[in-house]
Amino acid sequence: MIGKLNHVAIAVPNLAAAAARYRDGLGASVSAPMALPAHGVTVVFVELPNVKIELMEPLGADSPIAKFIAKNPEGGMHHLCFEVDDILAARDTLIASGARVIGDRAPRIGAHGKPVLFLHPKDFSGALVELEQA
Ligand code: CO
């Protein structure tokens, strides 16, 4: 069921500074910032040969990562995103195995224009997991 690691997401307090560090310090190719009001974040993607790094900054007062940044003022590792072929089948298998899907369990359109879901960190050894339909 599980496919490639699509991205590792890092929540950051200052997106421009974090993007500059990857671009200028590491020589990485970094996408233009993209505001995702439905998700309460602004993101850039750092394109590596084998995986992407998603840098996310809170957007708006109700950002779901505002609390995370309050607890981790320098930023921190936020989630892993795995690709799946069929997100509804993956969700149903996970629910049947006792895993918890965050929110109303309905996939939403994520930063790549594809359906995504989030799985509870308590079921994945403390790591928040995003599934994205490839
Ligand atoms: Co993500």
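Biologist: Let us start with the whole chain. What is its secondary structure, and in which pattern does it run along the sequence?

Modeller: As this is a predicted model, everything here is computed from it. The chain has 3 helices and 9 strands, and along the sequence they follow β-α-β-β-β-β-α-β-α-β-β-β.

Biologist: How do you know that the radius of gyration agrees with a compact globule?

Modeller: The rule is 2.2 Å times the number of residues to the power 0.38. For 134 residues a compact globule would come out near 14 Å, and the chain has 15 Å, so the two agree. The C-alpha atoms fill a box of roughly 45 × 35 × 25 Å along the principal axes.

Biologist: And what share of the chain is buried?

Modeller: Buried residues make up 39% of the 134 residues. As for contacts with a separation of 6 or more, 54% of them join residues 24 or more positions apart.

Biologist: What makes β5 a mostly covered strand?

Modeller: A residue is called buried when its relative accessible area is under 20%. In β5, 5 of the 7 residues are buried, and the strand is mostly covered.

Biologist: How do you know that β5 pairs with β1 and with β4?

Modeller: Two strands pair if there are at least two bridges between them. β1 (residues 2-11) has 5 bridges to β5, in the parallel sense, so it passes the cut-off of at least two. In that pair, alanine 9 has glutamate 54 as its bridge partner.

Biologist: What can you say of the pairing of β8 with β7 and β9?

Modeller: β7 (residues 108-109) is joined to β8 by 2 bridges, and these strands run antiparallel. Since the cut-off is at least two bridges, the 2 bridges of β7 and β8 are enough, so they count as a pair. Isoleucine 109 stands opposite proline 115 in this pair. The hairpin has 5 residues between its strands, and glycine 113 there takes a positive phi near 75°.

Biologist: Which residue is the bridge partner of leucine 119 in β9?

Modeller: Valine 129 is the bridge partner of leucine 119, which itself lies in strand β8.

Biologist: Why is leucine 119 called buried?

Modeller: Its relative accessibility is 1%, and buried means under 20%, so leucine 119 counts as buried. Leaving aside neighbours within four places in sequence, leucine 119 is in contact with residues including Leu94, Ile102, Phe124 and Leu131. Its C-alpha atom is 15 Å from that of methionine 1, 118 residues away along the chain.

Biologist: What makes the phi of arginine 105 and of serine 125 worth a remark?

Modeller: Most residues other than glycine have a negative phi. Arginine 105 has a positive phi of about 75° although it is not a glycine. Serine 125, also not a glycine, has a positive phi near 55°.

Biologist: Where do these two residues lie, and why is arginine 105 called partly exposed but serine 125 exposed?

Modeller: Arginine 105 lies in the loop between α3 (87-96) and β7. Its relative accessible area is 40%, which falls between the limits of 20% and 50%, so arginine 105 is partly exposed. Serine 125 lies in the loop between β8 and β9. Its relative accessible area of 79% is over 50%, so serine 125 is exposed.

Biologist: Now to the largest pocket. How much space does it hold, and which residues lie nearest its centre?

Modeller: About 920 Å³ of space lies in it. It is lined by 36 residues, and Pro64, Ile65, His78, Phe118 and Leu128 lie nearest the centre. The elements that give two or more residues to this lining are β4, β5, α2 (66-71), β6 (76-84), β8 and β9. β6 gives the most, with 4 residues.

How values were computed. Residues are numbered from 1 along each chain as its sequence is written. This is a predicted model: local features need pLDDT of at least 70, side-chain atom pairs count only at pLDDT 80 or more; totals for chains, interfaces and linings use all residues. Side-chain values use heavy atoms; hydrogens and water are left out. On a 1 Å grid over the protein atoms alone, a cavity is a set of points where a 1.4 Å probe fits but cannot get out, and a pocket is an open set with protein on both sides within 12 Å along at least five of seven lines; lining residues have an atom within 4 Å of a point. Grid points are joined across faces, edges and corners, and a volume is the space filled by probe spheres set on the points. Buried means under 20% relative accessible area, exposed over 50%, partly exposed in between (1.4 Å probe, protein chains only). Contact means heavy atoms within 4.5 Å.
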